[in-house]
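Me: I would like to go through a structure feature by feature and learn how to read each one. Please start when the coordinates are up.

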Protein chains: 2
Amino acid sequence: MATITVGLVQHHCTPERNDNIARSLDGIRQAAAQGAELVVLQELHCAPYFCQTEDSNNFDLGESIPGPATETFGELARELGLVIVLSLFEKRTAGLYHNTAVVLEKDGSIAGCYRKMHIPDDPGYYEKFYFTPGDLGFTPIVTSVGTLGVLVCWDQWYPEAARLMALAGADLLLYPTAIGFDPNDSAAEQQRQRDAWITIQRSHAIANGLPVIAVNRSGFEADPSQVTAGARFWGSSFVAGCQGEIRAQASDANDEVVCVTLDLQRTEQVRRIWPFLRDRRIDAYADMTKRFIR
Amino acid sequence: MATITVGLVQHHCTPERNDNIARSLDGIRQAAAQGAELVVLQELHCAPYFCQTEDSNNFDLGESIPGPATETFGELARELGLVIVLSLFEKRTAGLYHNTAVVLEKDGSIAGCYRKMHIPDDPGYYEKFYFTPGDLGFTPIVTSVGTLGVLVCWDQWYPEAARLMALAGADLLLYPTAIGFDPNDSAAEQQRQRDAWITIQRSHAIANGLPVIAVNRSGFEADPSQVTAGARFWGSSFVAGCQGEIRAQASDANDEVVCVTLDLQRTEQVRRIWPFLRDRRIDAYADMTKRFIR
């Protein structure tokens, strides 16, 4: 397993679940046709980004794991013989929901789950209303194509999450995400936000000597409550190599499938010239578990 | 104190200590003339980058703190009424040396020190031979122009260091550094390294909502041992704003003074839209103090 071809499936979503799933399935087939052995979908790919409002009816969108989505995508994983990373609105029990990534093995079985640990909440992204913070920790998922450090969206702003996945043996860092422009923000502010989103994820590649794969949704979604101007999801899905270099990047607006072949030996090579793990001052990091030090 | 003007002094070094100090003093005066209230010098600015070889005679370059350099630069701090960040080869006692940043107050007194915590060691950068790892922790230094999170070079690759400074109340993150191209590396590798160096430091600004100031030496320095092709220090000193945006950047080759005025209210504004500190999963970060988790 010296190399792996990864596929990123970026698309817009509509209120029609079946249409969204069809777009994802089609993207996976396109990626497989280009040789992908691992395909990553965007955050909450079965639905519009319903967290634009706090509406308790949206809990109807939750589903069990295993459940309908793992069955549908599991069939395709088995048919095509590839590993797929899903991002689902998990209904764990009545009144207990998570934002959960599911990794499907080549035989369609569930290799493991990651429940989003860091939950955002700001105007238009009311996730604390919907998602209980994850309780599975930062545990990478072992698959036939490598050990996957799956994280989700808001996690991408936290170097702690990437580091803990790396320390737990991740070969790759994967981020299904759903982040967009506020149409009312200035062009300069929009550019700073998108640049920051790319930069911080590239930095996780650099700090840990691992490839990073980020898959973001595209397209405009109106705010059902009409309080905000809606969200224009900025796409821009990308793959960064072990030195943070951009290997491929999708557009900021369209449905796209991006495939990149990664040399898994690069981590060993890069960590030899940049042996950051060697020199961590673990004797001096205890305060990382504090909220604030003063 | 709504704004602060920071000055970055980037220059080449020669074996002549007095010439190096003259270049630093001149740069500080230039920065002061442009309104700087805080001036940051590059790593080990009094000397050539002597860590290219392991030579015990180089311990002669060590000096006490307080000592000759704090006296010389302290006089200028007092004359110009500004805060200066020095980077010195500290001789603490016989056989005990550190790579130490010293912050001088406007009256020339020593506001505080930071001893480089992460010490590199790779061909051409034999710092483990010279520098005992710091024992002052990640403690920001309180000054009349703000609370300074001073870190040094190799520290810049560690998100833990930046985070701990932020959690301890730093208003700014400052990195005196000395990093260069191996002339034998390909142009592509050189570009990846420099980009990674910029990207990871921008990411500290983003993750913590703080401005980052990096000051790197410039110029070519031959390897006295003639084992390697020497180091071409890549300059490129820069200031990043609280969203990681580049506010100013020096060239990759010349002696330069860069001044930028920062709005210290930006941290409050940016942390309101990106409240990353709010959502840290401190219940799940305990393994940050482990070397590896498997």
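**Helices, sheets and backbone exceptions**

Reply: Helix α5 (residues 187-208) of chain A and helix α5 (residues 187-208) of chain B pack with their axes 8 Å apart, at an angle of about 115°. The model is a predicted one.

Me: What is the handedness of the crossing where α5(A) passes α5(B)?
Reply: The crossing is left-handed. Chain A contributes A:Asp195, A:Ala196, A:Thr199, A:Ile200, A:Arg202, A:Ser203, A:Ile206 and A:Ala207 to the contact, and chain B contributes B:Asp195, B:Ala196, B:Thr199, B:Ile200, B:Arg202, B:Ser203, B:Ile206 and B:Ala207. Sorted by class, the contact of α5(A) with α5(B) holds eight nonpolar, four polar and four charged residues.

Me: At what angle do the axes of α4(A) and α4(B) cross?
Reply: The axes of helix α4 (residues 159-167) of chain A and helix α4 (residues 159-167) of chain B cross at roughly 145° and come within 10 Å. This crossing of α4(A) and α4(B) is left-handed. A:Pro159, A:Glu160 and A:Arg163 meet B:Pro159, B:Glu160 and B:Arg163 there. The contact of α4(A) with α4(B) has two nonpolar, no polar and four charged residues.

Me: Now the sheets. In what order do the six strands of the open sheet in chain A lie?
Reply: As a general idea, strands of a sheet pair through backbone hydrogen bonds, in a parallel or an antiparallel sense. In chain A the order is β6-β7-β8-β10-β13-β14, and the pairing is mixed. β6 (141-143) and β14 (246-249) of chain A are the edge strands, each pairing on one side only. From one strand to the next, the twist averages 20°.

Me: Which strands of chain A are joined to β8(A) by bridges?
Reply: Strand β7 (residues 146-150) of chain A runs parallel to β8(A) and is joined to it by three bridges. In this pairing A:Val150 stands opposite A:Leu174. β7(A), α4(A) and β8(A) together make a right-handed β-α-β unit.

Me: And where does the antiparallel pairing come in?
Reply: Strand β13 (residues 238-240) of chain A pairs with β14(A) in the antiparallel sense, over three bridges. The bridge partner of A:Phe238 in β14(A) is A:Gln249.

Me: Are the two faces of β8(A) covered or open?
Reply: The general idea is that side chains in a regular strand alternate between the two faces of the sheet. In β8(A), both faces are covered: A:Leu172, A:Leu174 and A:Pro176 are buried on one side, and A:Leu173, A:Tyr175 and A:Thr177 are buried on the other. Six of the six residues of β8 (residues 172-177) of chain A are buried, so the strand is largely enclosed by the rest of the structure.

Me: Which strands stand at the edges of the sheet in chain B?
Reply: That open sheet has six strands in the order β5-β4-β3-β2-β1-β15 of chain B, with mixed pairing. Its edges are β5 (110-115) and β15 (256-263) of chain B; each has a single partner strand, so one side of each is left without a neighbour in the sheet. Neighbouring strands of this sheet are turned by 30° against each other on average, direction ignored. Within it, strand β2 (residues 38-41) of chain B runs parallel to strand β3 (residues 83-93) of chain B over three bridges, and B:Val39 stands opposite B:Ile84.

Me: Which strands does helix α1 of chain B lie across?
Reply: Helix α1 (residues 17-33) of chain B lies across β1 (3-10), β2, β3 and β15 of chain B, at about 150° to β1(B).

Me: Last, the backbone. Is the peptide bond from A:Ile65 to A:Pro66 cis or trans?
Reply: The bond is cis, with omega near 0°. A:Pro66 sits in the loop between β2 (38-41) and α2 (68-80) of chain A. In chain B, the bond from B:Ile65 to B:Pro66 is cis, with omega near 0°.

Me: What is phi at B:Leu44?
Reply: Phi is positive, about 50°, although B:Leu44 is not a glycine. B:Leu44 lies in the loop between β2 and α2 of chain B. The cut-off for buried is under 20% relative accessible area, and B:Leu44, at 2%, is buried.

Me: Where is B:Cys153 found?
Reply: B:Cys153 is in the loop between β7 (146-150) and α4 of chain B. Its phi is near 40°, a positive value in a residue other than glycine. With 6% relative accessibility, B:Cys153 counts as buried.

Note on methods: Residues numbered from 1 in each chain as written. Chains lettered and ligands numbered in written order. Predicted model: local features only at pLDDT ≥ 70, side-chain atom pairs only at ≥ 80, totals over all residues. Heavy atoms only, no water. Axes fitted to C-alpha atoms, helices over the stretch in contact; angles between N-to-C directions. Helix = DSSP H or I, 4+ residues; strand = E, 2+ residues; numbered from the N terminus. Left-handed = near helix turned anticlockwise from the far one by under 90°. Contact = heavy atoms within 4.5 Å. Nonpolar A, V, L, I, M, F, W, Y, C, P; charged D, E, K, R; others polar. Buried < 20%, exposed > 50% of the residue type's maximum accessible area, 1.4 Å probe, protein only. Pairing = 2+ DSSP bridges. Right-handed = clockwise from strand over helix to strand, strands pointing away.
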